[in-house]
Amino acid sequence: MVSPPNSNTVIDGMACTVTRPEDHTDWSDFPNLGVLTLVSALKAVPGVEPIYIDGTVVPWADVLAFVTENGGRILALCVSAITATYEAGLHLVRAAKRCDPEIVSIFGNDHLTALGQVSLLLRSEIDFAFAGNEVIGSFVDLVTCLSHGMSIDPRVFPGLIWRDGAQVRCTPQQAESLWTDVDYDLVDTAFDHTAIYRKNFEKRVRPTFHRMTGRSVAAGVPVEIARGCIKFARNDACSFCSIQFGGMWRNEVSDADEAWSMIGHAYARGYDYLYLTADELPLTFGRLLSGMHAAPPQWWRDLSDAERPVLVGYARADGLSNERNATVLREIGVRQLMVGLDAGTSRSLEAMAKPLATRHERESSYRAEAMFEHNTRALESAHKADLLLKAGFVVGHLGMDRSLLEDNVASMKALIDANTGAIASVDVEVLSPEPGSLDFQCLIDPARASDRASRLGLHVGSPSDRDQIAERWRNSDLIDREEAMADYVTAVMPELTLDDLAAARDDVRSHATAAGITVGE
């Protein structure tokens, strides 16, 4: 099981001026939970040795060498691919199949969920792929069949993407429980990943967290007690969100006791900075959090606040603006939250589909104004509850013009200035139309972009430009993110360029740095 690095860091000729890997450090500070979960589940398959490899921290040449040197022993090479890493994964599979064409390649994660049909049509080196999140049981069953030399009936594996002659089909997904039996020992079966993670954590996370809280933490790991976001309930993700929730818009452990058990399991293995993976906590999983708050386990109560594991997670501003929610989070050990403020003006929040959906479109402007107020109140609420925030901003959206860009930058700076005590770090990114997102749909579907812009009272590029750009990306599985970002600006932000957005991003980042706030970690 391999998580590849960003393709533009290992493939010659790919640009990384805007999407620089040094600006995205979180994933190299912690084990990759998706890969670790799958190798943990594979332990039950007789005769199969599951191998965990994280190419974001292990030198790519070492990963290639390991795969080629062990080609004769590899049953399946499984690649967890997001758009930024997909092409590197293809290169790895090609190298493996040159050693042994019988190696079965299996791809999964966001990119294949969004573009699986196109990918299997274009890439003969991909044998199978999986769509969605609830695929652990199906994945294990497929590997079991492969290991026993059994014939494969793709229709019995939920979520499987497969070829049927000249067509590509996907077996319907099915619900499944979260996997709770994570084996942390498997992180180091092939490489000493732990040493690298801890070195990165020591360099990046620990000093910032200690500076902001006075608390020392030693090592971090993601923990999945819940998965999902309230925005998914009505298939109404924010415009830039590429998370594909598949057959279940939310999934969680059975009860608060099981949640505490998973936290305790990670803590007992030396991890004291635990990243809760839910895409949104207080609005989506309020009942679970309240249960955890009402009955914490004895081992946790026996520890002082300074000894308890630190929990880190995600929240929408309209969930965090409720002071009761903020207090509950803090009292169960949540110390830091990622909050996507995303835009500096209400009009831009509306363009990003940030407010919760309503049944009456006429309410959308009002709700965007309310969302902007939630952003302000969330920062105040977090400060009162002694929660640190990692504030996220996105620069750019459908129909953004120069005036809106200037207003957003000014508002982002004002939010930073007013809340330096609550904000531990700031993440500011240029909008990227990731496959699976509404923005990507607007990139490849000019009519949809026109319709959205018209409803929002915003302007997009000329029909000829948008048609030409859509044709370029509509049937492609290799999405050069820098080129797609630039094309999206041309298509739907005709007054601006990608350089304009990058300059605005850097302006906000510099402002945060001058205010003493860490950027990008």
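What volume does the second largest pocket have? About 530 Å³. Before you click on anything, know that this is a predicted model: local features need pLDDT of at least 70, side-chain atom pairs count only at pLDDT 80 or more, and totals for chains, interfaces and linings use all residues. Residues are numbered from 1 along each chain as its sequence is written, and side-chain values use heavy atoms, with hydrogens and water left out.

**Stop 1: the pocket**

Select Glu-49, Ile-51, Arg-73, Ile-74 and Leu-75, which lie nearest the centre of the second largest pocket among its 23 lining residues. (A pocket is an open set of points on a 1 Å grid over the protein atoms alone where a 1.4 Å probe fits, with protein on both sides within 12 Å along at least five of seven lines; lining residues have an atom within 4 Å of a point. Its volume is the space filled by probe spheres set on the points.)

Now colour α3 (60–69), β3 (76–80) and α6 (136–147), the elements that give two or more residues to this lining. Helices (H or I, at least four residues) and strands (E, at least two) are DSSP runs, numbered from the N terminus. The largest share, three residues, comes from β3. By type, the lining has 17 nonpolar, four polar and two charged residues; here Ala, Val, Leu, Ile, Met, Phe, Trp, Tyr, Cys and Pro count as nonpolar, Asp, Glu, Lys and Arg as charged, and the others, Gly among them, as polar.

**Stop 2: helix α9**

Jump to residues 256–268. Helix α9 has 13 residues. Show Trp-260, Met-262 and Ile-263, which are among its buried residues (buried means under 20% relative accessible area, exposed over 50%, partly exposed in between, with a 1.4 Å probe and protein chains only). Next, click Asp-255, which caps the N-terminal end of α9: a side-chain oxygen lies 3.2 Å from the backbone nitrogen of Asp-257. After the helix comes Gly-270, with a positive phi near 95°.

**Stop 3**

Most residues other than glycine have a negative phi. You'll find Asn-109 in the loop between β4 (104–108) and α5 (110–122), and it is partly exposed at 29% relative accessibility. Then go to Asp-342, where phi is about 70°. Asp-342 sits in strand β13 (residues 334–342) and is buried, at 6%.

**Last stop: Lys-199**

Is Lys-199 buried or exposed? Exposed, with a relative accessible area of 64%. Look for Lys-199 in helix α7 (residues 193–203).

Conventions. The expected span of a helix is 1.5 Å times one less than its number of residues. A polar contact is a pair of N or O atoms within 3.5 Å; within protein, one must be able to donate a hydrogen and the other to accept it, and residues adjacent in sequence count only if both atoms are side-chain atoms.
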